[in-house]
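Visitor: Hey, could you walk me through this one? I'd like to hear about packing and rings.
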Amino acid sequence: MDSIHDFIDSEIKSNDVVLFMKGTSDFPQCGFSGEVVQILNYLGINYKDINVLSSGELRQGIKSYSNWPTIPQLYVKTEFIGGCDIVREMFQQGELQNILEKNGISA
């Protein structure tokens, strides 16, 4: 599990915005992942998508890394933001946009 945590840590540290999701941003394979993709695309944010379905080890590893049981998972500047419901609520309240702006991430 250490090697997968090292991979996750490296991806989060080397990309401003990372979305661990089922499928890809071009082809989400679950509705929740698709919804977060729609939000990020609507905001015009550049982000790295990582398909957790590509590896059982990655799928379990991200859950233990964040101590969060569900996917998708969004990270901004190494900070875990949350899953679909949290991202949706933050977007609707303008909080997600504020976090992105505070971190110098714009469309």
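Visitor: What covers the buried residues of α5?
Guide: The cover includes β1, α2, β3, β4 (79-82) and α4. Before going on: this is a predicted model, where local features need pLDDT of at least 70 and side-chain atom pairs count only at pLDDT 80 or more, while totals for chains, interfaces and linings use all residues. Residues are numbered from 1 along each chain as its sequence is written, and side-chain values use heavy atoms, with hydrogens and water left out.

Visitor: Fine. And which residues in α5 are buried?
Guide: L96, I99 and L100. Buried means under 20% relative accessible area, exposed over 50%, partly exposed in between, with a 1.4 Å probe and protein chains only. Helices (H or I, at least four residues) and strands (E, at least two) are DSSP runs, numbered from the N terminus.

Visitor: What follows α5?
Guide: G104 does, and its phi is positive, near 75°.

Visitor: Switching to the core. Which residues touch the most other members of the largest nonpolar core?
Guide: V17, L19, L74, V76, L96 and L100, out of 20 residues in that core. A nonpolar core here is a set of buried Ala, Val, Leu, Ile, Met, Phe, Trp, Tyr and Cys residues joined through side-chain atoms within 4.5 Å.

Visitor: Which elements give two or more residues to this core?
Guide: β1 (17-21), α2 (31-43), β3, α4 (84-93) and α5 (95-102). The most come from α2, with five residues. Apart from this core lies another, of eleven residues, among them I4, V18, L58 and I62.

Visitor: Zoom in on L74. What is L74 in contact with, leaving aside neighbours within four places in sequence?
Guide: The partners of L74 are V17, V18, L19, L40, E79, F80, I81, G82, V87 and L96. Contact means heavy atoms within 4.5 Å.

Visitor: Now rings. How many aromatic pairs are there?
Guide: The count is five. Rings of Phe, Tyr and Trp (its six-membered ring) pair if their centres lie within 6.5 Å; planes under 30 degrees apart count as stacked, over 60 as edge-to-face and the rest as tilted. One of the pairs is Y65 with Y75, edge-to-face at 6.3 Å centre to centre and 65° between the planes.

Visitor: Which parts does the Y65 and Y75 pair tie together?
Guide: Y65 lies in helix α3 (residues 56-66) and Y75 in strand β3 (residues 73-76), so the pair joins parts ten residues apart in sequence.

Visitor: Is Y75 buried or exposed?
Guide: Y75 is buried, at 2% relative accessibility, whereas Y65 is partly exposed at 28%. Both belong to a cluster that ring pairs build from F20, Y65, W68, Y75 and F80.

Visitor: Back to helices. At what angle do α1 and α3 pack?
Guide: Helix α1 (residues 2-14) and α3 pack at about 70°, with their axes 9 Å apart. Axes are lines fitted to C-alpha atoms, for helices over the stretch in contact, and angles run from 0 to 180 degrees between N-to-C directions.

Visitor: Which residues in α1 meet α3?
Guide: S3, I4, H5, F7, I8, D9 and I12, and on the α3 side they meet E57, L58, G61, I62, S64 and Y65.
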